[in-house]
Amino acid sequence: MAAHTGRGFAAIEYPTGMHRNGDPSQAWTKVKPDGRVDVFAGTSDIGNGSKTIQSQIVAETIGVPYDWITYDNSNTDSSPVCTGTFASRATFVAGKAVEKAAENARQKILEIAGKELEIDPSDLEIVDGEVIAKGAPQKKIGVPDVAAAATWTYGELITGTGAQLKPYATIVEPETGKVDLPPHSAISYASCAAEVEVDDETGTVTVKRLWQCYDVGRSINPTLVEGQIEGGAIQGLGLGVLENCYPYYPSVEHRGSQFGSYLTPGMEDMPAIDTIIIENPSADGPYGAKGIGEMANNAQPPAIASAVYDAVGVWVTELPITPERVLRALEAKAAGSGPKREGKTVVYDAELSVNTVGSGALTFG
C-alpha cells in the first residue's frame, strides 16, 4: 500500500428561507390558568429539534422556565399555517413567528400584572416566572397568579399570535431581474477542512479528520447546533466518497436493488470531527439565529476533493470520489491528460467529459 496524506478545504454560503414570499409561518400562544404556556405551530420536527428550539424561544421571550412550555403541532387543522420544514427555515422563519406570538402574550401578562400590583406595565419585567417591578424586586407576582387573576378576576384569556412573512418586492426590473428588496433575509457561511489518506494502488480514499466552522447567527441550543453540524458532516462524507445519487448515475441498471447495496457511512468510516461555531447575529432571525440544517453537508465533498488533490495531485470532478475514479484520474495524469491547476483555475482537457469550473473552485453536479 502506497498511502499519501493530503489536506484541503472549501468555503460556502447558504441562504436561509425562501426568496421573498411563499414562505409564511404563523404561531399562537396561550397561557393557561396555572401559568403554563401552550404553543401552537405548524412546524414538523423531522429530527432537527424545531420543537425544542421554538419552545426555548417562547420561554426566553415570555420569561418563564422552559419546562412550563407545551408545544403542539399535532395536526394541521388546529395549528396555524407553516409552509414546512425545508430551506433551513424552521428556526429562522417559524422561530420568528413563535417569538412574535410569545411577545404578544408577554405584553398581556404585564398588563394583568400591572393591575394586580398597581404598577404601570412598562415598569415591570418577567424573570424566571415572576413579574417583578424594575428597581424594586420586592414588588412582584408570579405568572401563575397573573394567569389565575386573568381567568377568575378579569375574565380574560391571555393569548398571543405571531406571523412571519418576507414582504413582496414592489419594484422589479424585467430586463435585469433587479428588485428593490434583497432576495434573502440572512446568509449563513461555513468552511470545512479535510484530511485524507489516499492509496494510489487501490484508489481508496479514507477521510481521517474534518474540521468544520459554521456561522449560525446565534446558537440558541449549542448541543443541537453541534448535532446538526456533525450529522451533516457524516452526510457530506457519504456524498463525498460513498453515495451515488440517482438519477444522475449513468443508468438505472447500475442502481442497487436493495437498501443494503446503497453505501452510507458506518462507524468504521467515521473520521475525527472538530466543530467551531461562530455567532454573527442576523438582524432578521429570532435572537439573531440563522439556518443551519441543509448547509451542514455542503462543504465536505469539495474539501475532500481538494485534499485528494493535495495527496496525489489529481482532481476527481465527479461525486462520489470512488477508487475507480481516483485510479482513472491517476492514469490520466500519468498519460499527460486530465484536469490541471493553473493559478486559481482548474483547467480540463477538451476530450474529457467532466464538469466545468469557475475561478478557484470546483463545480460538482
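I shall speak about a sheet, the helices that accompany it, and the nonpolar cores.

Please bear in mind that this is a predicted model. I begin with the sheet. Four strands make up an open sheet with mixed pairing, and their order is E4-E3-E2-E8. At its edges are strand E4, residues 69-72, and strand E8, residues 158-164, each of which pairs on one side only. On average, neighbouring strands in this sheet are turned by 15° against each other, direction ignored.

Consider next the pairing of E8 with strand E2, residues 25-31: the two are antiparallel and share 7 bridges. Within this pairing, Gly162 of E8 is the bridge partner of Ala27.

Two helices deserve mention here. Helix H1, residues 50-62, packs on the sheet and touches E2, E4 and strand E3, residues 37-41. The direction of H1 makes about 135° with that of E4. Helix H2, residues 94-117, lies across E2, E3 and E8, and runs at about 150° to E8.

I turn now to the nonpolar cores. Which residues have the most contacts inside the largest core? They are Val37, Val58, Ile62, Ile109, Val131 and Val146, in a core of 38 residues. H2 supplies the largest share of this core, with 9 residues.

Leaving aside neighbours within four places in sequence, Val146 is in contact with Ile109, Ile112, Ala113, Val131, Ile141 and Ile158.

Thank you for your attention.

Conventions:
Residues numbered from 1 in each chain as written. Predicted model: local features only at pLDDT ≥ 70, side-chain atom pairs only at ≥ 80, totals over all residues. Heavy atoms only, no water. Pairing = 2+ DSSP bridges. Axes fitted to C-alpha atoms, helices over the stretch in contact; angles between N-to-C directions. Contact = heavy atoms within 4.5 Å. Core = buried A, V, L, I, M, F, W, Y, C linked by side-chain atoms within 4.5 Å. Buried < 20%, exposed > 50% of the residue type's maximum accessible area, 1.4 Å probe, protein only.
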